Amino acid sequence: MMVCEWKTFTTDSETFTLEAFEELVGDEFEAMMFKDDESIPAYIWTVNYVIIVKRCSKLFTDISFEKIPRNPVCE
């Protein structure tokens, strides 16, 4: 499900609010996508990046973010 409004989500160690997320990635939120009935998004779009949300553990809810430029410049 694609949503264009921020939905706060929580891992075992941290709560990600809009302000905390934008400060962490250094960019402005645009949209997020949730798969199935997950409470943590799979992808988050910002003005300059697509961010893949990766789970780091199967036992605990821990995640990392992989930032990919949305509009890379090829020379």
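I began with the burial scale: buried means under 20% relative accessible area, exposed over 50%, and partly exposed in between, with a 1.4 Å probe and protein chains only. I looked up Glu19 on that scale, and at 56% relative accessibility it counts as exposed.

**Ground rules**

I am working on a predicted model, where local features need pLDDT of at least 70, side-chain atom pairs count only at pLDDT 80 or more, and totals for chains, interfaces and linings use all residues. I number residues from 1 along each chain as its sequence is written, and side-chain values use heavy atoms, with hydrogens and water left out.

**Confidence**

I checked pLDDT, the predictor's confidence in each residue, from 0 to 100. The protein chain averages 90. I noted that 92% of the residues score at least 70. Confidence is highest in strand S4 (residues 29–33), at a mean of 97. It is lowest in strand S7 (residues 63–69), at 91.

**Fold**

I took helices (H or I, at least four residues) and strands (E, at least two) as DSSP runs, numbered from the N terminus. I find one helix and seven strands in the protein chain. Along the sequence the pattern is β-β-β-α-β-β-β-β.

**Overall dimensions**

I looked up the radius of gyration, taken over C-alpha atoms; the globule rule is 2.2 Å times the number of residues to the power 0.38. For 75 residues, a compact globule would have a value near 11 Å, and the 13 Å of the protein chain agrees. Along the principal axes, the C-alpha atoms fill a box of roughly 45 × 25 × 25 Å.

Buried residues make up 28% of the 75. For contacts I used heavy atoms within 4.5 Å. Of the contacts with a separation of 6 or more, 32% join residues 24 or more positions apart.

**Surface and charge**

I used accessible areas from the Shrake-Rupley method with a 1.4 Å probe; for residues, only the protein chains shown count as cover. The protein chain comes to about 5,300 Å². Carbon and sulfur atoms hold 50% of that surface.

I counted Lys and Arg as positive and Asp and Glu as negative, leaving out His and the chain ends. Each charge is placed at NZ of Lys, CZ of Arg, CG of Asp or CD of Glu. The protein chain has 7 positive and 15 negative side chains. The centres of the two sets lie 8 Å apart.

**Glu19 and Phe29**

I went back to Glu19, which lies in helix H1 (residues 18–25). Glu19 and Phe29 are 10 residues apart in sequence, and their C-alpha atoms are 9.4 Å apart.

Phe29 sits in strand S4. Phe29 counts as buried, at 11% relative accessibility. I listed what Phe29 touches, not counting residues up to four places away in sequence: Cys4, Glu5, Trp6, Leu18, Glu22, Ile44, Trp45 and Thr46. I also checked Glu14, 15 residues from Phe29 along the chain; the C-alpha atoms are separated by 18 Å.

**Loop between S4 and S5**

I looked at two residues here. Asp36 is in the loop between S4 and strand S5 (43–46). Asp36 is not a glycine, yet has a positive phi of about 50°. Most residues other than glycine have a negative phi. Asp36 counts as exposed, at 75% relative accessibility.

Ala42 is found in the loop between S4 and S5. Ala42 is buried, with a relative accessible area of 14%. Beyond four places in sequence, Ala42 touches Met33, Phe34, Lys35, Ile51, Ile52 and Val53. I also noted Phe65, 23 residues from Ala42 in sequence and 9.9 Å from it in space, C-alpha to C-alpha.

**Thr11**

I found Thr11 in the loop between strand S2 (9–10) and strand S3 (15–16). Thr11 is buried, with a relative accessible area of 7%. Apart from residues up to four places away in sequence, Thr11 touches Phe16, Ile40, Thr61 and Ile63.

**Ser64**

Ser64 counts as partly exposed, at 28% relative accessibility. Ile51 is 13 residues from Ser64 along the chain, and their C-alpha atoms are separated by 9.7 Å.
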